Amino acid sequence: MLPGWGRNGRAAQEGGISRISRVVGIRTAWTTVGDGEFFCPGCGGDRNYQRRTGRRRFAVLGIPLVPRGSAGPVVECAACCEHFGTDALDHPTTHRFSAMLRDAVHTVALAVLAADGTCERAALEAAVGVVRAAGFDQCTEEQLAALIEALAADTGRLPEQCGSGLTGLAIELHEALDPLTPHLAPAGRESILVQGARIALADGPYTPAERDVLGTVGSALTMGADDVSRLLAAARTTSS
Ligand SMILES: [Zn+2]
């Protein structure tokens with residue numbers, strides 16, 4: 001609302017910086033240029049946002065007069081109305097984060113199972129437990145076994161990939177883990193690797209192919225080779 005002339009006129013006469021700044025100052029008019037859902041760092045949850053750009057004008061008595069350039073873009077939370085830099089959109093929503101985590105664990109489980117090309121019952125059981133705990137409640141041993149078969153058939157159709165071993169799987173692992181990794185605490189990264197290790201150990205000690213896959217998981221999670229070795233050794237101790 002625009003302040004009345006009389007009231008501000010009197011304020012100006014009485015002087016003082018704060019009163020002058022109420023008379024002259026920069027006003028920003030915001031325009032919405034997009035919207036979506038984000039994780040609000042202000043009120044801490046998945047919220048709707050509006051992406052807004054502003055036009056600043058030098059204002060006298062609340063009336064915008066002279067253009068003073070643009071402001072923003074900013075992200076405005078629909079719930080708390082706070083403004084944030086657009087980097088606030090880099091952080092996934094809780095919903096998106098859970099989905100990425102679920103997909104990552106599913107991909108790691110498949111990769112470990114596929115490493116040897118054979119699916120032992122014990123390994124399938126362990127994998128189903130891990131994948132269900134990650135959020136795919138409906139996952140069954142039959143489903144995982146079918147996916148492994150499909151993966152094997154795929155590799156068979158692309159003989160040039162056989163020579164490079166686990167190339168296809170490595171790409172899948174990176175696609176699932178790379179976007180997730182920056183948002184995981186170290187304990188979260190270790191947990192994903194250890195879950196893969198438990199699946200590998202369910203049907204006996206690590207095979208060289210399983211070690212390779214778990215090494216790829218570790219590097220996609222940006223863990224050092226020493227950390228990976230330590231965690232794999234620890235998982236072996238606790239599982240036997
Ligand atoms: Zn908020």
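**Notebook: zinc site and aromatic cluster**

I began with the zinc ion, whose donor residues are spaced C-x2-C-x33-C-x2-C in sequence. This is a predicted model, where local features need pLDDT of at least 70, side-chain atom pairs count only at pLDDT 80 or more, and totals for chains, interfaces and linings use all residues. Residues are numbered from 1 along each chain as its sequence is written, and side-chain values use heavy atoms, with hydrogens and water left out.

I looked up the donors. They are the SG atoms of Cys40, Cys43, Cys77 and Cys80, at 2.3 to 2.4 Å. Donors are N, O and S atoms within 2.8 Å of the metal (3.2 Å for Na, K and Ca); water is not among the atoms, so sites may look incomplete.

I checked the angles next. The 4 donor atoms subtend 105 to 116°, so the arrangement is tetrahedral (four donors, all angles between 85 and 135 degrees).

I then looked up cover. Cys77 is buried at 0% relative accessibility, whereas Cys80 is partly exposed at 29%. Buried means under 20% relative accessible area, exposed over 50%, partly exposed in between (1.4 Å probe, protein chains only).

I searched the whole structure for aromatic pairs and found 2. Rings of Phe, Tyr and Trp (its six-membered ring) pair if their centres lie within 6.5 Å; planes under 30 degrees apart count as stacked, over 60 as edge-to-face and the rest as tilted. Phe38 and Tyr49 have ring centres 5.4 Å apart and planes at 75°, so this pair is edge-to-face. Phe38 is buried at 1%, and Tyr49 is buried at 12%. Phe38 and Phe84 have centres 6.2 Å apart and planes at 55°, so this pair is tilted. I noted that Phe38, Tyr49 and Phe84 form one aromatic cluster.

Definitions and conventions: Four donors count as tetrahedral if all angles lie between 85 and 135 degrees; four count as square planar and six as octahedral if opposite donors are over 155 degrees apart and all others between 65 and 115; anything else is irregular.
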